[in-house]
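Subject: Handing over the structure

Hi,

Here is the structure I promised to pass on to you. Have a look first, and then read on for what turned up in it.

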Amino acid sequence: MKLTVTEIAVHKETESPIFGELTTHVKLEDEGGGAFVKICQSRDTGYHEIMINFNEVEYLFQAIEKLKEGKDA
């Protein structure tokens with residue numbers, strides 16, 4: 001037997017990791033063409049998700065850093 005983590009909840013300490021309004025779930029998904037990172041949130045306005053190919057992750061973080069730098073300028 002083996003245990004493998006395939007989902008992590010990011011949430012405030014005061015909120016539920018399952019049902020918290022600001023909880024974000026980061027999951028591994030595979031739709032037959034390789035693994036993706038799936039980011040999900042459930043809000044009053046509905047369920048929202050994005051899927052990111054692992055090849056895109058580095059560029060996503062680069063884009064976030066650029067936005068962060070511009071914010072501080």
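First, a term: a residue is called buried under 20% relative accessible area and exposed over 50%, with partly exposed in between, using a 1.4 Å probe and protein chains only. On that scale, buried residues make up 12% of the 73 residues in the chain.

Before the rest, please note that this is a predicted model, where local features need pLDDT of at least 70 and side-chain atom pairs count only at pLDDT 80 or more, while totals for chains, interfaces and linings use all residues. Residues are numbered from 1 along each chain as its sequence is written, and side-chain values use heavy atoms, with hydrogens and water left out.

The overall layout

You'll find one helix and four strands in the chain. Helices (H or I, at least four residues) and strands (E, at least two) are DSSP runs, numbered from the N terminus. Going along the sequence, the pattern reads β-β-β-β-α. The radius of gyration is 15 Å, well over the 11 Å that the globule rule gives for 73 residues, so the chain is more spread out than a compact globule. That radius is taken over C-alpha atoms, and the rule is 2.2 Å times the number of residues to the power 0.38. If you want a box around the C-alpha atoms, roughly 50 × 35 × 25 Å along the principal axes will do.

Contacts tell you something about the chain too, where contact means heavy atoms within 4.5 Å. Of the contacts between residues at least 6 apart in sequence, 1% join residues at least 24 apart.

The sheet

The four strands form an open sheet in the order E1-E2-E3-E4, with antiparallel pairing. Two strands count as paired if DSSP finds at least two bridges between them. Strand E1 (7-10) and strand E4 (46-53) are at the edges with a single partner strand each, so one side of each has no neighbour in the sheet. From one strand to the next, the twist averages 25 degrees; the axes behind it are lines fitted to C-alpha atoms (for helices over the stretch in contact), and angles run from 0 to 180 degrees between N-to-C directions.

Take a closer look at strand E3 (residues 35-43), which pairs with E4 in the antiparallel sense over eight bridges. A hairpin of two residues takes the chain from E3 to E4. Within this pair, Val37 sits opposite Ile52 in E4.

Both of those residues come up again with Val57, which is in helix H1. Setting aside neighbours within four places in sequence, Val57 is in contact with Val37 and Ile52.

A buried threonine

Thr23 is in the loop between E1 and strand E2 (24-30). With a relative accessible area of 2%, Thr23 is buried. What does the side chain of Thr23 reach at 2.7 Å? The answer is the backbone oxygen of Ser16. Not counting residues up to four places away in sequence, Thr23 also touches a list of residues including Ala9, Val10, Pro17, Cys40 and Gln41.

The salt bridges

There are three salt bridges in the structure, each being a side-chain nitrogen of Lys or Arg within 4 Å of a carboxyl oxygen of Asp or Glu. Lys38 meets Glu29 in one of them (4.0 Å, N to O). Lys38 also forms one with Glu49, where the closest N and O atoms are 3.5 Å apart. That pair links distant parts of the chain, with Lys38 in strand E3 and Glu49 in strand E4, 11 residues apart. Lys38 counts as buried at 12% relative accessibility, whereas Glu29 is partly exposed at 24% and Glu49 is partly exposed at 38%.

Then there is Lys68 with Glu65, at 3.7 Å between the closest N and O atoms. Both lie in helix H1 (residues 54-72), three residues apart, about one turn of the helix. Lys68 is partly exposed at 44%, and so is Glu65 at 39%. As for shared partners, salt bridges join Glu29, Lys38 and Glu49 into one network.

Cheers

Technical notes: A polar contact is a pair of N or O atoms within 3.5 Å; within protein, one must be able to donate a hydrogen and the other to accept it, and residues adjacent in sequence count only if both atoms are side-chain atoms.
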